[in-house]
Amino acid sequence: SLVDTGPCKEVILTGEEIDLSQLPIPIYSEQDGGAFVTHGIQISKDPEDGTKNASIYRMHHCGRREFSIHAEKHHHLTLQHNKARAKGEPLEVAIAMGCDPVVMLATQVGAPYGVDEVEIAGGLRGKPVDVVKCETVDLEVPATTEIVFEGLLHPERREDHGPFGEYSGYYGDITHSPIMEVTAITHRRNPVYHAGLTGMPMTENHFLKQIPHEVTMYQDLKRNFPGVQKVHYTAAGCVDFMVFISINRQSFPAEARGVILAAMASPK
């Protein structure tokens with residue numbers, strides 16, 4: 001629900017007041033390409049129909065007022081960015097750091113494109129998430145957030161992003177990722193900087209994904225295979241590449257094979 005103000009508005013910085021180097025953005029692994037924001041929630045909306053998205057993508061600090069944001073081609077932020085690029089326009093983005101953990105969990109659900117994960121968080125909480133309007137972009141962020149970055153994701157400008165110590169325990173390749181120009185920073189007085197560790201399982205990154213991944217897979221399978229009992233993503237599979245599924249008994253021949261094929265087709 002929209003409220004007039006909140007703790008994230010106690011300090012507002014714009015223009016020359018913005019200096020990302022004043023924040024304690026860490027380097028996580030020895031061979032990382034620089035300092036990264038790992039637990040910021042990117043909030044954006046489709047430039048055509050206005051549907052919203054909230055996801056977590058890592059951001060590489062690459063200038064006084066700039067981040068590069070890494071999102072794969074199929075990720076919802078990239079789909080929105082491509083629509084804005086087709087118009088020759090930047091995509092407005094707000095990054096919320098230090099949110100209610102339920103909002104963070106909701107971003108990992110794997111909801112269909114166009115579904116607002118902040119609304120999912122409200123459903124999990126049993127009441128709407130209080131949000132406030134941003135200062136320089138037409139977006140809303142959770143009112144109790146510790147730190148908010150507002151900005152524009154450029155349509156064409158890109159910079160090297162990475163390498164970065166990934167959730168598999170290996171370094172990822174350098175990517176050429178779009179640049180976000182920060183147009184405002186708002187935060188609480190004396191904010192808490194939320195740094196999320198990733199790397200060799202299990203880290204905060206893996207625990208954050210595990211429950212939503214398991215729930216999403218369980219619901220997808222249970223819809224067509226009532227005999228499915230439990231779903232578990234393992235540390236050995238980096239909470240992504242290996243899943244154990246139990247069924248009480250096969251209700252028809254080769255049902256287990258159908259469960260496996262459905263699991264492989266699931267978004268999680």
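This report describes strands, a helix, nonpolar cores and salt bridges in a predicted model.

## Paired strands

S5 and S6 form a hairpin, with two residues between them.

## Helix H1 and its surroundings

Helix H1 covers residues 76–86, and its buried residues are His76, Leu77, Thr78, Gln80, His81 and Ala84. These buried residues pack against several strands, namely S3 (40–45), S4 (52–56), S6, S7 (91–97), S10 (147–161) and S13 (175–187). After H1 comes Gly88, with a positive phi near 75 degrees.

## Nonpolar cores and a surface patch

In soluble globular proteins, nonpolar side chains tend to be buried together. In this model, the largest nonpolar core has 24 residues, and those with the most contacts inside it are Ile41, Ile43, Val103, Ala121, Val129, Cys134 and Val141. At least two residues of this core come from each of S3, S4, S7, helix H2 (101–106), helix H3 (117–125) and strand S8 (131–133). H2 supplies the largest share, four residues. Apart from its neighbours within four places in sequence, Val103 is in contact with Ile41, Ala121 and Val129. A second, separate core has 22 residues, including Leu20, Val37, Ile147 and Ile185.

Some nonpolar residues lie on the surface instead: Ile260, Leu261 and Met264 form a patch there, with about 360 Å² of accessible area together. Of these, Ile260 lies in helix H5 (residues 255–265).

## Salt bridges

The whole structure contains 15 salt bridges. One of them joins Arg65 and Glu181, whose closest N and O atoms are 3.9 Å apart. This pair links distant parts of the chain, 116 residues apart: Arg65 is in the loop between S5 and S6, and Glu181 is in S13. Both count as partly exposed, because the relative accessibility is 24% for Arg65 and 27% for Glu181.

Asp100 and Arg125 form another salt bridge, with 3.0 Å between the closest N and O atoms. Asp100 lies in the loop between S7 and H2 and Arg125 lies in H3, so the pair ties together parts 25 residues apart in sequence. Asp100 is partly exposed at 24% relative accessible area, as is Arg125 at 47%. Elsewhere, Glu159 forms a salt bridge with Arg157, the closest N and O atoms being 3.6 Å apart. Asp46, Glu48 and Lys83 are joined in a network of salt bridges.

Conventions:
Residues numbered from 1 in each chain as written. Predicted model: local features only at pLDDT ≥ 70, side-chain atom pairs only at ≥ 80, totals over all residues. Heavy atoms only, no water. Pairing = 2+ DSSP bridges. Patch = residues over 30% accessible without salt bridge, like charges linked within 9 Å, V, L, I, M, F, W, Y side chains within 5 Å. Areas by Shrake-Rupley, 256 points an atom, 1.4 Å probe, with all protein chains shown as cover. Salt bridge = Lys/Arg side-chain N within 4 Å of Asp/Glu carboxyl O. Buried < 20%, exposed > 50% of the residue type's maximum accessible area, 1.4 Å probe, protein only. Contact = heavy atoms within 4.5 Å. Core = buried A, V, L, I, M, F, W, Y, C linked by side-chain atoms within 4.5 Å.
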